Structures are given as structure tokens and as C-alpha cells.
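User: I would like to learn how to read aromatic packing in a protein model. Could you take me through it step by step?

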Amino acid sequence: NNHCPSGLYWISAKSSPQQVYCDMDTTACGVRGVMRIAYLDTSVSDICPSNLTKYEVNGKTMCGRSSYSVANLVPCDSVYYPSQGVEYNSICGRAVGYAYSGGTTCAFYWSHHNPSINNLYVSGVTITRGPSDNRTHVWTYASGYKYAASNGCNCPCAPGGTASPSFVGNNYFCESATKYTPQDQWYTNYTIWQGNCYEGSDCCPDDGRPWFNVALDSPTNQGIEVRWCGNQNPHQDIDNIAIESLEIFAY
């Protein structure tokens, strides 16, 4: 009944009845009756998932990377959100992020080295479905170097920016925290992936931001994995991404 209010509901999954949060408005995915799989909001709770680090900067509380292992090409911290066995055909969501931008911030890495979905390919957040040994890309949130002047680490939409890998395609949002060369600091005055690009930038078209919405080729009940990725040690204040809020729905 899509006229019921948003809230917790018991649903019949393949394993056993499960209690899940259902959004019955049209604000989430443009449709009523969507199941929330992933949820993080530091304004409600300042406790980050156990393998992430809590950052408190300029009055902002954010959850970001903890680990760094570029030698293994997997410098990402992962949080897995199960679907409770519920089958779905589409995934939508949004994220509010902040960037610590420095000299090593790079939107998409190593396009000439055939990047893999399992390796480092982005400064940002990746959303995939399925187990870690068989990931399928859903969406990528990338943080670019800057908007002004050509640079290979800029977003694809900015001068000189590197294109997204083939497995990402057009399923990404990429924004930069600063117009000019970043100054090794948290840019907490600017939220990325919300469509708030600087004047003159081509990186924020009218594409539904902050929401993404992806229709699948076939139904699935796979869980969702969210990974926070970057190419430098997050504790050395060089390159980092943190999230203030995250919501992912399936329907």
C-alpha cells in the first residue's frame, strides 16, 4: 500500500520476515515504496561504521577512510549492506561528501593501466552490488583536483580531466571542492556531489543531482558494498574523502 507513511515495516523475505525502513514518499527515487538498504547520517548519530574513521572538522562530523595500502592497490575501506534477501530491480541514492584536497587528489586514476573495479581507480566513494570477488558497478562518487586550468586529475568534465573507466561509464558524479589549486585542507564550506559547481563549470549538468537512479538488467537480491577510496594515507592529511550522509534505496 503506497499510501502508508514512511517507517519500519515487516516484509517477507526469502529467508524469514525482516524489518526494514521503507520510504513511502516520492522524494527518494521518484517512486513510492522503496526499501532503504544503506543509511548513514552523522547529524543523527556521530558513530561511524567500525572500519571507518570519524573526522570532526569545522563543526562537521564525517565518516572517512582509515586504511592505506597502495602496494596492494586496494586502499579502500568497505562497508557491506545486506538486502535481507529482498529482490529488487533498481537502485537509487545520494551522498553528501567533503574532500580533503591536496596535491595528490585525483578523480580517476591510471586509465592507461586498465584499472579494475577491485583496485584503486578513484578518489571518492564507490557503490557496487554482489560479493567482493564478483562486484558489479552501480555508481561512483569522484572528487576532482580543481575546475580551473588543465590537469589530468580533474573531473572528466573539467579541462584535461581523465575519462572514467569503462566499467563506470556514465554512472558517476564528479565534482571538485575548489576552483583553483587545492591547499591541503578540508573544504567543509563546499559539499560535493550536490550539483553546486562553481560558476562557469560544466561539471554540474541538470542530471538529477544529488540523486542517482540505476535500473538493473535483471532482478537481484544482492547486497550493496560502499567503499571509501583514495591514493594516500588518510591520516597524513594529503588526500581524503569523508561522508556526512548516505542513503541507498532498492525497489
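Analyst: Happy to! A search of the whole structure finds 10 aromatic pairs. Rings of Phe, Tyr and Trp (its six-membered ring) pair if their centres lie within 6.5 Å; planes under 30 degrees apart count as stacked, over 60 as edge-to-face and the rest as tilted. This is a predicted model, where local features need pLDDT of at least 70 and side-chain atom pairs count only at pLDDT 80 or more, while totals for chains, interfaces and linings use all residues. Residues are numbered from 1 along each chain as its sequence is written, and side-chain values use heavy atoms, with hydrogens and water left out.

User: How are the rings of Tyr141 and Trp193 placed?

Analyst: A pair of aromatic rings is described by the distance of the centres and the angle of the planes. For Tyr141 and Trp193 the centres are 4.9 Å apart and the planes stand at 45°, so the pair is tilted. Tyr141 belongs to strand 9 (residues 136-144) and Trp193 to the loop between strand 11 (185-186) and strand 12 (212-220), 52 residues apart. Strands here are DSSP runs of E, at least two residues, numbered from the N terminus.

User: Is Tyr141 buried or exposed?

Analyst: Buried means under 20% relative accessible area, exposed over 50%, partly exposed in between (1.4 Å probe, protein chains only). Tyr141 has 0% relative accessibility, so Tyr141 counts as buried. Trp193 is buried as well, with a relative accessible area of 0%.

User: Where does Tyr100 sit, and what lies 2.7 Å from a polar atom of its side chain?

Analyst: Tyr100 is in strand 7 (residues 88-101) and is buried, with a relative accessible area of 8%. The backbone oxygen of Asp184 is 2.7 Å from a polar atom of the Tyr100 side chain. Tyr100 and Asp239, 139 residues apart in sequence, are 5.5 Å apart in space, C-alpha to C-alpha.

Technical notes: Helix = DSSP H or I, 4+ residues; strand = E, 2+ residues; numbered from the N terminus. Polar contact = N/O pair within 3.5 Å; in protein donor to acceptor, adjacent residues only side chain to side chain.
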